[in-house]
Structure formats: structure tokens, C-alpha cells
Amino acid sequence: MALLEATPAFFPLPLSTSYLNTSTVIALCVFFALLCACIVIGHLLEENRWANESITALLLGLCSGAVVLLVTKFSNTEFFKFSEDLFFLYLLPPIIFNAGFQVKKKQFFKNFSSILLFGVIGTVISFCFISAGAFFLLRKIGLSLNIQDYLAIGAIFSATDSVCTLQVLSQDETPFLYSIVFGEGVVNDATSIVLYNSVQSLDFSSISATTALKLLGTFLYLFLTSTVLGISVGLLSAFTIKTLYFGRHSTDREVALMMLMAYLSYMIAELLSLSGILTIFFCGIVMSHYTWHNVTESSRITTKHAFATLSFIAETFIFLYVGMDALNLEKWKTSNASLGTSIAVSSAFLALVLIGRAAFVFPISNIKNCIERQESSKIKFRSQAY
């Protein structure tokens, strides 16, 4: 009895949960329940090639946002505050790292030149088309921005998500097309972010002929240094684990070291104002090729499933929040434009994105087809439409 009475004195916090914010706990409970619902519904729709967890999460988010609107009587529509730190520091790294860790390296590097053409050159072409279109479109409706803002819009909208496209493709039936779309999607995201950082770091107050060269130089610097940093950290992790052989004492240390060094590469890149996405992506590729083969068998199984699980949860969480945030009236009220103007501008930007993507997909595909001799390596028109 005396021991039971003395036990609470060792706890720095009270045994009750009164120190927690009730609204935060409710929001997290709702999000975790919705995540569970997404997993269950996604499992039930596994055989349906046109539906996946991403679409399920978006629809559940929209329904949840509508419920919040009704319950609060349109007074408080911001159910969960989504910060930039939450996205860039906690949700994005596991998604990008798992993309590099799980990539089919043989197909990826076999088609690496094509992936770079679409992911780098194609993104730059799309960036130019969208920036120019935004310049003429926004000026036509009376909204004047500076050059840096137009270029930032082009960099943001040049990033595309290939998740839905990959959902309707089979990696076993069309390995070539799947590797091209997957690799282009990852490199495209990294390139667009590097472009955005390059645009933000330059001074456009006095534009000259050297501004374009500075933009190109900044882009190449960020791209190459980020890639080298990711490869270096990946090789360092492989050397450390192979030399010290953590597995003879504890497999937990092997798994923990891989996770921490992968995350460390991302944080170092952000600290040095580089592209964390590109760094952690190539770190994942190097770790899967070198580090993964130097750990014990149990650690291989654990890391493979742990990274995939963390990526899956983070990605589902993002789509779920996007669906809920679409009905956030507070953000819609910040715009002074009418509903018709908002729909027109959104439709115009959607058209710009499609035109910008078509402007590089079809020309690059046809150029590649003219160079390639093997029929299996050529991209057919139907595949280009994907």
C-alpha cells in the first residue's frame, strides 16, 4: 500500500490528462479514426483499379469538412491547423525517402536518361509555359504581380503528382512505362522545388541578360549539391553499419541508425538551403542498394515495411487534410474575387498546367522515339497520353 501511495511522486506530470488541450485531442482522434476508415475502405476497393486510398482520403475529407460546417453552423470551419513545419519536416521526408528506397533500381537507372529528360528538361519547359501564361492571364484580369511571383507560380504549378497515373498502370505488365512515370514524378517534384528555391534566392529588381544565367547556375548548384549530399550520407550509413556490425548485438540499432541518418540528410540539406527532397530521395536509393544489404535479415524485413508504412500514413494524412481544407470558408473569404472569377481563374490555370505538360511530353517522346532503335523502348502515343 505504501508503494502505491508513493508511486505518483515519481511522475513529473499528473496522472490525469488535464494538461492536454481538449480541442487538439478531439481533432487528432477524428483524424486517426478517418485514417483507419481510409485503410479499411481502401482494402475493400483493392480490386478496383480506378479507386485507391488517395481518392478515398479526399472524399472522406470532403465529407468530414461538410460535417464540420454543419455542426459548427458555418461559424468555425478550421478544424485542424496545418502548419508548414508539419508538412515539410514530418510528413514529406518519409514519403520521398520511401520512394527512393522502394524504387526498382534496375529499371530506374536503365531509363535514367529518359527520366531526366522528362523530369528536368520537361519541368523547365512546363515552368516557362505556366509562368508566361500566368503573366498574361493575371494582367488581363487586372492583377499585377512582380516577375518573381509569376516565376514562383510557374514553379509551383509545374509540379505534378503521378500517384493516380501509377494506380492504373501495372508494374509487371508495363515495367518500362511504369518506371518512366514513377521516376519522372519524383524528379519532377524535386526539380520544381529546386526551381522555386532558385527563384526565391535571386534578386529580380534589376533584370538583365545575366539573370537567366544566374537562375540556371543556381538551379544546377542546388540540384548537384543536393544529390551529392544524399549519396554521401547514404554511403556513410552503409560504411558505418558494415564496419561496426550493429546486428551482432541489436537489430534495433541498425534500423534506428538507418532512419535517423536518412532524416539527418534531409535536415542538413534544409540547413544548408539545398533541396531536402532531392537529398533524401538519393539517400534512399543508396541506402537500399548498399546499407540494406549490410544489415541482418530481420532488419531488412523491418526497414522495408516500416518505411513503406510511414510513407503510406503520411500520404493518406495529406490527402485527407486536403479534402477537409477544401471546405474551409475562412480561406475562401480571404479572396475578394467573385465566385465566377475564382472558377474562371482556376479553370485557366488548369488549362495552363495541361498545356505546359503537353508542351514537353509529346515533343520529348517523339524525339526519344526517333533516337531509340528498339521498339520496346519507344513510347507509343497512348502511353504519352497518360
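**Close-ups of a predicted, helical protein**

The structure holds two salt bridges, a salt bridge being a side-chain nitrogen of Lys or Arg within 4 Å of a carboxyl oxygen of Asp or Glu. This is a predicted model, where local features need pLDDT of at least 70, side-chain atom pairs count only at pLDDT 80 or more, and totals for chains, interfaces and linings use all residues. Residues are numbered from 1 along each chain as its sequence is written, and side-chain values use heavy atoms, with hydrogens and water left out.

View 1. Helices (H or I, at least four residues) and strands (E, at least two) are DSSP runs, numbered from the N terminus. Of the 386 residues, 40% count as buried; that label means under 20% relative accessible area, while exposed means over 50% and partly exposed lies in between (1.4 Å probe, protein chains only).

**View 2. Arginine 357 meets glutamate 184 in a salt bridge.** Their side chains come to 3.0 Å, N to O. Arginine 357 belongs to helix H15 (residues 339-371) and glutamate 184 to helix H9 (residues 175-201), so the pair ties together parts that are 173 residues apart in sequence. Glutamate 184 is buried, at 4% relative accessibility, whereas arginine 357 is partly exposed at 26%.

View 3. Rings of Phe, Tyr and Trp (its six-membered ring) pair if their centres lie within 6.5 Å; planes under 30 degrees apart count as stacked, over 60 as edge-to-face and the rest as tilted. Phenylalanine 87 and phenylalanine 88 have ring centres 4.9 Å apart and planes at 85 degrees, so they go down as edge-to-face. Phenylalanine 87 is partly exposed at 22% relative accessibility, and phenylalanine 88 is partly exposed at 38%.

**View 4. Ring pairs also link Phe97, Phe101 and Phe307 into a cluster.**
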